[in-house]
Amino acid sequence: MSTYYAGLLADVGILLLGALSVYITLATGQLSLGNAGFMGIGAYLTSYLTVTVGIPLTPALVIAAVAAGIIGLIVGFPALRLKGIYLAMATLGFGEMVRSFFLNLDAMGGSGGFHGMHHISNDYIWSWAAAILLLVMILERSQIWLEMRAVCHDDTAAGLVGLNTTTIKVGAFGFAAAVAAIAGGLFAHHHVYIEPGNFNFERSIDFVLAVILGGSTVGPGALVGALLLVLLPEYLRFLAEWRFAAFGTLLIAMLLVRRQGILDRSLFRAFALRRPA
Amino acid sequence: MNGAGQAPLLALSGVTKTFGGVRALSDVSLEVLSGQIVGIIGPNGAGKTTTFNIITGAYRASKGEVLLEGNNITARPSYQIVWAGISRTFQNIRLFADMTVWEHLLVAQPHDGFSLRRLLPTHWANPAALHRARETLEFFGLGDVRDRIARSLPYGMQRRVELARAITARPRLLLLDEPVAGMNHHEADGIRQLILKLRDEGISILLIDHDMTFVMGLCEQLYVLDFGVLIAKGRPDEIRTNPAVLDAYLGQVA
């Protein structure tokens, strides 16, 4: 495989994790536009742990995921009081807050960025991406995921059938933050250099786009979305400077034809029904 | 069944609810004994659904208490009230969009807080929940539509799914908000049979409805609300001839 395609493949893996982090909170009906913030926390914390503290990457990723998860829980609580576009705006604010925090954190290079990480293989990135995707797909068949869907559709009714909507929503935020942090740690060790601008608003939007494009009701939708979001602009290269315009057009067309994204639950059900009962 | 001196299953005492300056409920007290089917009737806006919302913790009472077997459950979060043993259905059916009937029966399964079982695929991690859901499916005659999206079913069927979902939480008291609204006689009779069957299973019922024949034929005890005030209580035959009720509820017919 050429280094060019290897680079793309790594991007897909990292974007998949970012998209999954958006998918997890979206499953409870909460749209987050600030997951690049959690990704940034993960990137900086893992890099600090591997470069400055000097521990191996895997435990560093786990520590960063737990730390970001706790921050996610903390962010999740005020988020409970917000819905729809208000929540989206608040999470956007959180993302920008994290970015400007790292911009001013001179200990980690500030606007100059941070380097010294060792480069990781695609296999390593994809082991994490596949493991998390699998974890999400297993969770999707659990009681807790049904409860998340119930909260997503009607959180008042969910409470009135006995679901603790607070822990479900806040827990989803924590889990999503942990996944985004892993994406960040992998990103840092793939590019071996990070700067606050890597974790800006556009990155958060990419995550959301991947989920919407691939399908926001099933985990594998994030995979399809990540693939499309990375590869489509490449395949449209023959259009030169027009390729992003073409990409935008395709995105709009896609939303008009298939609003729920490429994959959805009924597609999976159709396959499931074809299996002998 | 309910010995003297034992606390009633549900008791509201002096419940008042104000929204801004508007009094939706004034000093309402009522009781449901174990094994009873009790009805609340009254004109639109009388405060019937508000009463339900206070019992289930959706609203907080401005004054007064809600007791479940003597335990104060006033203003506890909704899910804790469900765990304590009170389930409900809604006036406007509130099923979860894009969930199948089967999923509705699984989502409301009682559980003991955080357990690993909730995070694993229900299919093999929680056979007890599957068993209970299957039983409920049978009980409500929903076996044939198990894998259909609940919202896509005919109206009467959706009511059954909602009822089944409420039962899944294994309540001791079931609150039904207009269970036969918009139903034809045949469907309403089906629901009536179900309610009687549930009572025989040991579930007490508090219901609201406009259909007087339905309520009179089913309930042992009735409470009549008018403008948030309890104006009468008694057996159906007492209520039917109560002049205050006739005046308020049936207008100036008498």
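This passage describes a sheet and its helices in chain B, the contact between chains A and B, and a helix pair in chain A.

The model is predicted; local features need pLDDT of at least 70, side-chain atom pairs count only at pLDDT 80 or more, and totals for chains, interfaces and linings use all residues. Residues are numbered from 1 along each chain as its sequence is written, while chains are lettered from A and ligands numbered from 1 in the order in which they are written.

Chain B holds an open sheet of 6 strands with mixed pairing. The strand order is β6-β7-β8-β3-β9-β10. Helices (H or I, at least four residues) and strands (E, at least two) are DSSP runs, numbered from the N terminus. Two strands pair if DSSP finds at least two bridges between them. The edge strands of chain B are β6 (86-88) and β10 (229-234), each of which pairs on one side only. From one strand to the next, the twist averages 20°.

Strand β9 (residues 221-226) of chain B runs antiparallel to β10(B), and 5 bridges join them. Tyr223(B) stands opposite Lys233(B). Asp226(B) has Val229(B) as its bridge partner.

Axes are lines fitted to C-alpha atoms, for helices over the stretch in contact, and angles run from 0 to 180 degrees between N-to-C directions.

Between the chains, 27 residues of chain B are in contact with 21 residues of chain A. Contact requires C-beta atoms, placed from the backbone, to lie within 7 Å. On the chain B side, α2 (78-84), α3 (101-107) and α4 (122-125) each give two or more residues. The largest share, 4 residues, comes from α2(B). By class, this side has 15 nonpolar, 6 polar and 6 charged residues. Ala, Val, Leu, Ile, Met, Phe, Trp, Tyr, Cys and Pro count as nonpolar, Asp, Glu, Lys and Arg as charged, and the others, Gly among them, as polar.

In chain A, the axes of helix α6 (residues 143-153) and helix α8 (residues 165-191) come within 10 Å and cross at roughly 105°. The helices are therefore roughly perpendicular (65 to 115 degrees). Glu147(A), Met148(A) and Val151(A) of α6(A) meet Thr165(A), Ile168(A), Lys169(A) and Ala172(A) of α8(A). These residues divide into 4 nonpolar, 1 polar and 2 charged.

Definitions and conventions:
Angles under 35 degrees count as roughly parallel, over 145 as roughly antiparallel, 65 to 115 as roughly perpendicular and the rest as oblique. Two residues are in contact if their C-beta atoms, placed from the backbone, lie within 7 Å.
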